[in-house]
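This report describes one structure, taking its two chains in turn. The sequence and coordinates come first.

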Amino acid sequence: MSSFITVHDLHFAYPNYVTALRGVNLKIDKGEFVAIMGENGAGKTTLVKHFNGLLKPKSGYVKVDGLDTKDTTVAELSKRVGYVFQNPLYQLFSETVEKEIALGLSGMNLSESEKARRIDEVLIELGVEKFRNRHPLMLSEGERRRVAIASVLVMNPEVIVLDEPTLALDFLEKKRLSGVLTRLHKEGRAIILVTHDVEFAFDLSERIVTMSNGKILADGPKEKVINDKMLFSAAGLVEPQLFQLARNLQAMGVNVSDFSVEGLSTKFIEYSGKVERK
Amino acid sequence: MSGIFQALQWVKEDTPIHRLDPRSKMVWSICVLLMVILTWDPFILALVTLSLIPFVFLGKATSRLFQALKSMLFFVIILFALEVLYFGWYFGFIATMKFVLATSIFSIFFLTTHIDDFAAALNSLRIPFEFTFVLVTSAKYIPILFWEIQDITDAYKARGIELEKSVWKRIRSYATMLVPLIIVTTRRALTMAEAMEARAFGYQRKRTTYRQLHMHLPDYALMIVSVALTTGIILL
């Protein structure tokens, strides 16, 4: 079976700017949770903007659900790939949260009752139903970002792309966001996360893709990608603190295979028990 | 539309024209502009066109100047058609020529003069700093504004709304997109005002400048030749 998103030898350059993508190959299946990471200017945003046709390949191709993005409108693709932009201020157009969420439905052929049902659903799903009649600008940064996600989710896309969703969020809002993303992923949606936040990416995603200078450096299960320290730092990234802890444990002779908080704690307790018994 | 602004953007180059003092370039462009506005003689206009060529070549502004003129092509054609319709071929041609020349002079000036230098020149002519500061910041904001418009349009399109449908729907869509644009720009302006205050903007009346303007021999030569030629031609 072919993948939901297939990127083949993608090249792209902005007018009057340097080349942004030089030969990217990538496949993303339904239901995956992928984090795309790399330093500023590596081409992450340029790559994901190809997924809903905002940018069209200069050479190579991008296929979404079998459709070549070159011949498909953004409106058509946006039913399949939802895109949450970096700055929520750029994507909020309406005077109430409810109208904001309804905006994306105006282009779809749905009955009024179906529209209302979907709006109610996402309002509850993202915990913003109490702001239903509030102005999106009167909300906090984190709430605004959840409204932005809701406004994309209401179109029921199979894939949701989030560009730097943790920017300017406080700790609690970040927790709430990761809860939302985990839930959306469990529902069977593919999540593509563009982020600098290694902890956040490691916590949530299953697969990490690192980019540098318009090319993909590494692509695979998250532990494997982060474990290759040289390649990971080549993308301008520093491994998460949990990994540093794991490395320290490994240096003390503990065999670590599970890199989650729970896994590491059990290993640590085991190890300290051994030390005490000695 | 962004073509015009891109074509008018100053590029860092080290050419004899870039090195000229902005004040002498101002005198030159005002003189040439005066000539273009006052004369209806095709011979003088041809002379002015010829005199612009060394500036364009020495200033390495050829391709950008053509880009700027190309982005106005549609407007120029309409202007030409109207003039021909009302005044006939001869005057239509000359009037359009005058328009193209005048815009070229503006373009050459701004393509080879950094906006900061232009502001410094205005300041040295005793135009208050507050005024030139507004001028400089708004000129520098134009590219940022275009990026923001691009991002907002992208965000709007990503919501599944087709922009290409009917004209009426298009106009309504643009009105909707204005909302975030106004919010973002207002916020940016307020933040900037605070940042300026935090750096003691307006604390001292008398300002010193980091880059001082100096006139050299080519500057004097350019000014004298421009003024002499212009007065000579106008008086004749």
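## Overall form of chain A

What radius of gyration does chain A have, and what would a compact globule of 278 residues have? The model is predicted, and in it chain A has a radius of gyration of 20 Å. A compact globule with 278 residues would be near 19 Å, so the value for chain A agrees with that expectation.

The C-alpha trace of chain A spans about 70 × 45 × 35 Å along its principal axes. Of the 278 residues in chain A, 40% are buried. Counting contacts in chain A between residues at least 6 apart in sequence, 61% join residues at least 24 apart. The secondary structure of chain A consists of 11 helices and 10 strands.

## Strand S7 of chain A and its partners

Strand S7 of chain A covers residues 159-163. It is mostly covered, with 4 of its 5 residues buried. S7(A) pairs with strand S6 (residues 81-84) of chain A through 4 bridges, and these two strands run parallel. In this pairing Tyr83(A) stands opposite Val161(A) of S7(A).

S7(A) is also joined to strand S8 (residues 190-194) of chain A, by 5 bridges and again in parallel. Here Leu162(A) stands opposite Leu193(A) in S8(A). Between S7(A) and S8(A) the chain passes through helix H6 (residues 171-186) of chain A, and this β-α-β crossover is right-handed.

## Helix H5 of chain B

Helix H5 of chain B spans residues 62-71, and its buried residues include Arg64(B), Leu65(B) and Ala68(B). These residues cover an arc of only 100° around the axis, which puts them on the same side of H5(B). An α-helix has 3.6 residues a turn, so residues three or four places apart point the same way.

The face of H5(B) turned away from the buried side carries Thr62(B) and Ser63(B), which are exposed.

## Domains of chain B

Chain B is divided into two parts: domain 1 (2-113 + 214-235) and domain 2 (121-198). The C-alpha centres of domain 1 of chain B and domain 2 of chain B lie 29 Å apart. The contact takes 5 residues from domain 1 of chain B and 5 residues from domain 2 of chain B.

Which helices supply the side of domain 1 of chain B that touches domain 2 of chain B? Helix H1 (2-8) and helix H3 (22-38) of chain B each supply at least two residues of it. H3(B) gives the most to that side of domain 1 of chain B, with 3 residues.

Conventions: Residues are numbered from 1 along each chain as its sequence is written. Chains are lettered from A and ligands numbered from 1 in the order in which they are written. This is a predicted model: local features need pLDDT of at least 70, side-chain atom pairs count only at pLDDT 80 or more; totals for chains, interfaces and linings use all residues. A residue is buried if 20 or more other C-beta atoms lie within 10 Å of its own, exposed if 12 or fewer, and partly exposed in between; C-beta atoms are placed from the backbone. Two strands pair if DSSP finds at least two bridges between them. A crossover is right-handed if, with the strands pointing away from the viewer, the path from the first strand over the helix to the second runs clockwise. The radius of gyration is taken over C-alpha atoms; the globule rule is 2.2 Å times the number of residues to the power 0.38. Two residues are in contact if their C-beta atoms, placed from the backbone, lie within 7 Å. The arc is that of the directions from the helix axis to the C-beta atoms. Domain bounds come from an automatic or database domain assignment.
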